[in-house]
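Welcome, and thanks for taking a look at this one with us. Please open the sequence and the model side by side before reading on.

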Amino acid sequence: MLEALRQARQRDPIGHHVHTALAMVYLLLLPLATTPKDFAWALLLGWTVIRLPHIWPCYAALFRNRLMWLLVAWTVWHAVSILWSADRVAGLEELGACRVILTPLMLWPVLDRAPWLIGAFLAGVFGQNLVQAGQGLEIFGLKPGANQRLPGLIHPIQTGAFCVAAMCWHMSAVVRGKGWFRWLSVAGLIVATAGLVYSGSRGPWIAAAVAVPLALVMMGIRRPWARRAVLVVMVAGLLGAAATWLIADDFIRSRVNQAITNLQSAGDGEYDTDVGRRLWWWSGAWAAFADAPLTGAGAGGYRKAIEKLGYGQLSPSDHHAHSMYLHQLATTGALGGLILLAVVGLSLRRSFLDPPDHLYADGTLFVLISWLIGAVFDAYHLNGHMFGLFTLIVALTLCHRAAIRYNLSANDTNESTQS
């Protein structure tokens with residue numbers, strides 16, 4: 001398989017460079033803005049199709065990849081469930097997000113440039129952080145969002161989730177890197193942390209509180225040679241957390257107190273709050289699953305299903321369960337839930353086993369963990385930004401991916417092998 005990838009690169013070196021550039025543009029825009037990101041994705045897909053005469057032999061390994069087939073099964077079952085959905089138009093809209101399962105296929109021929117691809121994503125997150133800074137300073141006509149949150153160009157939950165992903169990858173580079181690149185990663189880590197805090201997104205805050213310390217502990221266990229660097233990052237992280245609390249105390253406290261107040265109100269039967277609505281939607285999702293445990297309400301059928309069960313919508317714009325796991329159960333039933341469980345399990349296994357052959361490699365598993373935690377609080381699989389991040393992780397950890405190359409020439413043949 002490595003030979004097939006090498007030959008594909010050498011048969012079409014210019015195409016390989018263009019393919020890499022288009023992949024980097026897409027990943028730069030993935031955490032930044034919706035319409036440009038979709039346009040870049042379409043260009044990348046088109047170029048992949050154009051290159052098929054040169055690259056088709058290298059796809060043989062993917063036909064034996066269980067995780068890719070599980071993603072196909074997820075999409076197919078989602079599509080089939082539209083047949084019994086009470087809102088087929090909404091089901092087709094939900095199905096549209098599944099287009100990103102093509103992303104690993106499009107990135108497969110250029111995974112020899114994995115550090116560049118991740119670097120492009122990190123540059124996109126940094127760009128989003130600059131927009132957030134503009135909103136906080138109210139310059140260039142930019143202003144904060146509701147509750148003084150800084151969402152950037154997309155929803156603040158998505159911005160927060162991308163910041164956590166950037167933190168995990170930057171930490172890996174800080175621990176494994178040297179010289180100026182390490183300091184560049186330190187700067188990126190600090191900026192992404194600030195972006196996470198001021199996004200005001202509590203789900204990503206929880207994801208970071210679990211994934212970031214776990215990443216440092218696991219790197220210390222798995223990479224004995226890096227324990228001094230890990231210890232330094234831990235100490236710096238504690239100092240940084242203290243500084244963040246001093247600087248953003250009022251903002252953080254207000255978001256936490258709001259959640260506590262919302263929970264207390266929900267206990268008294270008042271659900272017309274941020275947290276209360278989410279609890280209401282979760283309860284409705286479970287009721288919809290209990291009503292049709294095998295097949296669910298069908299893709300797109302969540303809203304009408306819970307309305308039928310007496311769970312009136314508190315906002316006409318909310319049409320999903322605000323939890324990937326509960327939404328999957330509510331709309332695709334137990335079979336959909338089992339497919340999701342298999343996807344989660346196998347993606348975690350692949351991320352854990354992925355060879356540590358580049359500076360960002362130790363962060364990928366924890367990007368995935370943060371994504372899975374964040375998906376408890378929002379339906380990440382229905383959004384092109386967030387589902388796109390998941391399929392990027394899948395691509396980066398595929399079995400038998402090309403060895404990492406730093407030589408600029410596409411004709412370089414000095415590769416190491418890996419499984």
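This is a predicted model: local features need pLDDT of at least 70, side-chain atom pairs count only at pLDDT 80 or more; totals for chains, interfaces and linings use all residues.

Two packed helices are described by the angle between their axes and the distance between the axes.

**Helices H9 and H10**

- Helix H9 covers residues 156-176 and helix H10 covers residues 179-199; their axes lie 8 Å apart at an angle of about 155°.
- H9 and H10 are therefore roughly antiparallel to each other, since angles over 145 degrees count that way.
- The two helices H9 and H10 cross in a left-handed sense.
- On the H9 side, the residues making the contact include Gly 160, Cys 163, Met 167, His 170 and Met 171, and on the H10 side they include Phe 181, Arg 182, Ser 185, Leu 189 and Leu 196.
- By class, the contact of H9 with H10 holds 14 nonpolar residues, seven polar and one charged.

**Helices H10 and H12**

- H10 also packs against H12, at an angle of about 30° and with 11 Å between the axes.
- The crossing of H10 and H12 is right-handed.
- H10 brings Arg 182, Val 197 and Tyr 198 to this contact, while H12 brings Ala 229, Thr 244, Ile 247, Ala 248, Phe 251 and Ile 252.
- Sorted by class, the contact of H10 with H12 has seven nonpolar residues, one polar and one charged.

- Thr 244 sits in helix H12.
- Is Thr 244 buried or partly exposed? Thr 244 counts as partly exposed, because its relative accessibility is 22% and buried means under 20%.
- Setting aside neighbours within four places in sequence, Thr 244 is in contact with Val 197, Asp 249 and Ile 252.
- Thr 244 and Thr 193 are separated by 51 residues in sequence, yet their C-alpha atoms are 9.1 Å apart in space.

**Helices H15 and H16**

- H15 and helix H16 (residues 361-374) pack with their axes 11 Å apart and at an angle of about 165°.
- That angle makes H15 roughly antiparallel to H16.
- The crossing of H15 and H16 is left-handed.
- From H15 the contact takes Met 324, Tyr 325, Val 344, Ser 347, Leu 348, Ser 351 and Phe 352, and from H16 it takes Leu 365, Leu 368, Ile 369, Trp 371 and Leu 372.
- The contact of H15 with H16 has 10 nonpolar residues, two polar and no charged ones.
- H16 has 14 residues and runs 21 Å from its first C-alpha to its last, close to the 20 Å expected at 1.5 Å a residue.
- How many of the residues of H16 are buried? The count is 14 of 14, and H16 is mostly covered.

**A residue of H15: Leu 329**

- Leu 329 has its place in helix H15, which covers residues 324-353.
- Beyond its neighbours within four places in sequence, Leu 329 touches Trp 286, Phe 289, Gly 296 and Gly 337.
- Leu 329 and Gly 363 are 34 residues apart in sequence, with 30 Å between their C-alpha atoms.

**Helix H13**

- Helix H13 (residues 274-291) has 18 residues, which should span 26 Å at 1.5 Å a residue; the end C-alpha atoms are 26 Å apart, so the two values agree.
- The buried residues of H13 are Val 275, Gly 276, Arg 277, Arg 278, Trp 281, Gly 284, Ala 285, Ala 288 and Phe 289.
- What covers these buried residues of H13 includes H9, H11, H12, H14 and H15.

- Most residues other than glycine have a negative phi, and most peptide bonds are trans.
- Glu 138 has a positive phi, near 55°, and lies in the loop between helix H8 (114-137) and H9.
- Glu 138 counts as partly exposed, because its relative accessibility is 46%.
- Phe 140 has a positive phi near 55°, and its place is in the loop between H8 and H9.
- With a relative accessible area of 78%, Phe 140 is exposed.

How values were computed: Residues are numbered from 1 along each chain as its sequence is written. Side-chain values use heavy atoms; hydrogens and water are left out. Helices (H or I, at least four residues) and strands (E, at least two) are DSSP runs, numbered from the N terminus. Contact means heavy atoms within 4.5 Å. Axes are lines fitted to C-alpha atoms, for helices over the stretch in contact, and angles run from 0 to 180 degrees between N-to-C directions. Angles under 35 degrees count as roughly parallel, over 145 as roughly antiparallel, 65 to 115 as roughly perpendicular and the rest as oblique. A crossing is left-handed if the near helix is turned anticlockwise from the far one by less than a right angle, and right-handed if clockwise. Ala, Val, Leu, Ile, Met, Phe, Trp, Tyr, Cys and Pro count as nonpolar, Asp, Glu, Lys and Arg as charged, and the others, Gly among them, as polar. The expected span of a helix is 1.5 Å times one less than its number of residues. Buried means under 20% relative accessible area, exposed over 50%, partly exposed in between (1.4 Å probe, protein chains only).
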